[in-house]
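Colleague: Pick out the salt bridges for me and go through them slowly. I'd like to know who pairs with whom, and where each partner sits.

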Amino acid sequence: MSHQPFEKWLFSDEPIDPEESEALEVHLNQCEQCRELSTALDQVYETISTVKTPEPSPGFTQRWHQNLAAYREKQQERRIWFFILGLFTIASLILLSLFFINLSNFNESYALGRFIANVSLIAARFNNLLNIARSITRAFPILIPVSLTFGVGLLSVSFALMITWFSSIISLYQPVQERG
Amino acid sequence: MSEQEALWIQKALQGDDHAFGNLVEEYQKPVFSLCYRMLGNSKDAEDAAQESFIRAYRYLKKYDTNRSFATWLLSIAAHYCIDQTRKRRLTTVSTDSLPAEIISDRNAPNPEREYRQQEKEVLIQNLVDELSPTDRAAIIMRYWHECSEVEISQALDLTVSAVKSRLYRARQALAKSYLELEKSKPLNERRAHESPAF
């Protein structure tokens, strides 16, 4: 049995004329499939009209004001980061420009010679420092544990500062709501 | 839109948060209701409704005063919920996890009536959940918010004929799903709903 145009009339929102309405009624009396669908659709409409409208819990507007404040704070942080990023980009561009400007005056053999000379100078100064340290420790042996303790202390403080710096960077990156 | 609402919008555009707060107070129920029907639970509905109002506040300058403010807000909420529903499809959602509101309240004055009401609530939510996100939004706006097809088309960025076709398809799907659910029910449960004459 053909269910058209009856199914179309059944599910469409368009009004149908009295003749079509009569034809639909006749079809519904004969066709069980369309009759069941028609009844089901009526039941759906009935259910929609009787279910309660869900409502938000009290204090919705206050929560919205809080969310708006958090959103603004987040936007502010984002602006700061964009500003820092902008500064970094400008500085990088300036450095790159300087590099490219000086690139035409770049002499490879001269630069290599300067590099080797600088490395040799640093090595010689380091060697001098070692010799001075050896002489001092020979003259005053007590200085060895003192300098060791001082060195370890200095390293610990540096490490603690580094951890603090890292944790503050991580907390700054976290969304505002997560931080509360 | 009332004169009062127009004034609140005007003030909000000048940066008055409390004026927009009045609009939130005024429209929280329809926006929350749409989000609830789209997402199926209070927690997600609350988050979606809050986010919709934040977005509305952000984009208030783009609001065309010739359009209905309510429809504009529902449009923002519907788009947000459609996105959320699409994202959510990647994760499995159990149908056993019923929203807190529809768990039976034993202290209700008429527990049986309350139970029937909750049963209807679960039924309609399950039926609506089976629709595609855009069809779901169209049906919710049409039947729970009584929006016209033109308003739905504006809200969902569709043509009027596309809305008609989506509503047609959604009605058909709802009726078929309802029928399948009824047929899958045990016989004694079905009889309880039938007329005593049969």
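Modeller: A:D13 comes out partly exposed, at 32% relative accessibility (buried is under 20% relative accessible area, exposed is over 50%, and partly exposed is in between, with a 1.4 Å probe and protein chains only). Keep in mind that this is a predicted model, where local features need pLDDT of at least 70, side-chain atom pairs count only at pLDDT 80 or more, and totals for chains, interfaces and linings use all residues, while side-chain values use heavy atoms, without hydrogens or water. Residues are numbered from 1 along each chain as written, and chains are lettered from A and ligands numbered from 1 in the order written.

The partner of A:D13 is B:R142, and their closest N and O atoms are 3.0 Å apart, which makes a salt bridge (a side-chain nitrogen of Lys or Arg within 4 Å of a carboxyl oxygen of Asp or Glu). B:R142 sits in helix α6 (residues 133–143) of chain B, while A:D13 is in the loop between α1 (6–11) and α2 (18–30) of chain A, so this pair joins two chains. Helices here are DSSP runs of H or I with at least four residues, strands are runs of E with at least two, and both are numbered from the N terminus. B:R142 is partly exposed too, with a relative accessible area of 22%.

Next up is B:K120 with A:E46, where the closest N and O atoms are 3.7 Å apart. B:K120 belongs to helix α5 (residues 111–129) of chain B and A:E46 to helix α3 (residues 32–50) of chain A, so here again the pair joins two chains. Both ends are partly exposed: B:K120 at 25% and A:E46 at 35%.

Then there's a bridge inside chain B: B:D135 and B:R166, with closest N and O atoms 2.7 Å apart. B:D135 lies in helix α6 and B:R166 in helix α8 (residues 160–184), so the pair ties together parts 31 residues apart in sequence. B:D135 is buried, at 6%, whereas B:R166 is partly exposed, at 21%. Elsewhere, shared partners link A:D13, B:R142 and B:R171 into one salt-bridge network. Over all chains, the count is 14 salt bridges.
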